[in-house]
Amino acid sequence: MRAYYSPEDDELYVLALEAHAQRLLRSSRLLKMQLGKSARDIEAIILEVLRRSGFREDTYVRPVAYKASVVIKVGLTGLRDELAVYATPMGDYISTKGLSVQISGWRRTADNAIPARSKLTGSYLNAALAVDDALQAGFDDAILLTDDGHVSEGSSSNLFLVRDGVASTPGVSHDILEGITRSIVTRMLKDLGIPTVERAVDRTELYVADEVFLCGTGVQVAPVVEIDGRPVGTGTMGPVAAKLQKVYFDACRARDPRYRDLVTPVYRGV
Ligand SMILES: Cc1ncc(COP(=O)(O)O)c(C=O)c1O
């Protein structure tokens, strides 16, 4: 997750802390992990790590649940589970001005192979294969298709397209990570008067879309301006992505009262 620094408040705000803690527990359940901690406990640990780190700049926080038994074994049960949390200063992970992306030849791991729905470390091999090829070929990022050829998501982000004033995003049965930013963006688009539909998206729909953008904790809201050498819309950031970016970044730094519920202050009250 990310924490954003607000100079005017001299405060670090964690974005979607509760949602991230809950997803961590859900992902852990999928791997039969028993951390013996509630979402509230995990939130408290994360806030404590941030307080002790004392950062007054944008920060990335990574909690990792892992199998801690010292044993050589492939399996899920009968192994001790532990939680580690670390934080490091981090600015933009990828350009937010306009990305050139490639549709990857690698397919997103199917739900019955390595479930993409949850944030599992192993599934990042899939992303690494795709993004590495894209970077080698001179693109900024990769979009992965499902095994049956529908659009799934970016290598480390969810994807939205806009056509005729309606936003669409692949549904949860299209081997996506159920992104927290995706939910936030859906809420913000609604507030901007732009309806969002969850549905199957064909690859070529991306080529004819008015706008395409990626969203995720790392990528934030990142417009895609070129796909496989074809300009998206005008080939520059579109009006929906531009409006959304403004709302999103204001919300991250607690500058928009409508979205105060999304941020948790780290230092206040300590
Ligand atoms: C593969 C993948 N999809 C989607 C996302 C976006 O998820 P979130 O918005 O919860 O960060 C991520 C973020 O790390 C990701 O790695």
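Reader: How are H4 and helix H6 packed, and at what angle?

Author: This is a predicted model. In it, H4 (residues 180-191) and H6 (residues 239-252) pack at an angle of about 115°. Their axes are 10 Å apart.

Reader: Is the crossing of H4 and H6 left-handed or right-handed?

Author: H4 passes H6 in a right-handed crossing.

Reader: What makes residues of H4 and H6 count as meeting?

Author: The cut-off is 7 Å between C-beta atoms placed from the backbone. On the H4 side, Val 185, Met 188 and Leu 189 take part. On the H6 side, they meet Leu 244, Val 247 and Tyr 248.

Reader: What classes of residue make up the contact of H4 with H6?

Author: Val, Leu, Met and Tyr are counted as nonpolar. So the contact divides into six nonpolar residues, with no polar and no charged ones.

Reader: Which residues surround the ligand?

Author: A residue counts if its C-beta atom, placed from the backbone, lies within 6 Å. The shell has 13 residues. The closest are Leu 177, Gly 179, Thr 181, Gly 216 and Thr 217.

Reader: Which helix gives the most to that shell?

Author: H4 does, with three residues. H4 also packs with H6.

Reader: How do the shell residues divide by class?

Author: Eight are polar, three nonpolar and two charged. Gly goes with the polar class here.

Reader: What are the domains of the chain?

Author: The domain assignment gives two entries. Domain 1 is 2-91 + 256-265, and domain 2 is 99-237. Their C-alpha centres lie 24 Å apart.

Reader: How many residues of each domain are in contact?

Author: In domain 1, 11 residues are in contact with eight residues of domain 2. Helix H1 (residues 17-30) gives the most to the domain 1 side, with six residues. By class, that side has five nonpolar, two polar and four charged residues.

Reader: Why does the chain agree with a compact globule?

Author: Set the value against the rule. With 270 residues, a compact globule would have a radius of gyration near 18 Å. The chain has 19 Å, so the two agree.

Reader: What box do the C-alpha atoms fill?

Author: Along the principal axes, the box is roughly 50 × 50 × 30 Å. The chain has six helices and 14 strands.

How values were computed:
Residues numbered from 1 in each chain as written. Predicted model: local features only at pLDDT ≥ 70, side-chain atom pairs only at ≥ 80, totals over all residues. Helix = DSSP H or I, 4+ residues; strand = E, 2+ residues; numbered from the N terminus. Axes fitted to C-alpha atoms, helices over the stretch in contact; angles between N-to-C directions. Left-handed = near helix turned anticlockwise from the far one by under 90°. Contact = placed C-beta atoms within 7 Å. Domains from an automatic or database assignment. Rg over C-alpha atoms; globule rule 2.2 N^0.38 Å.
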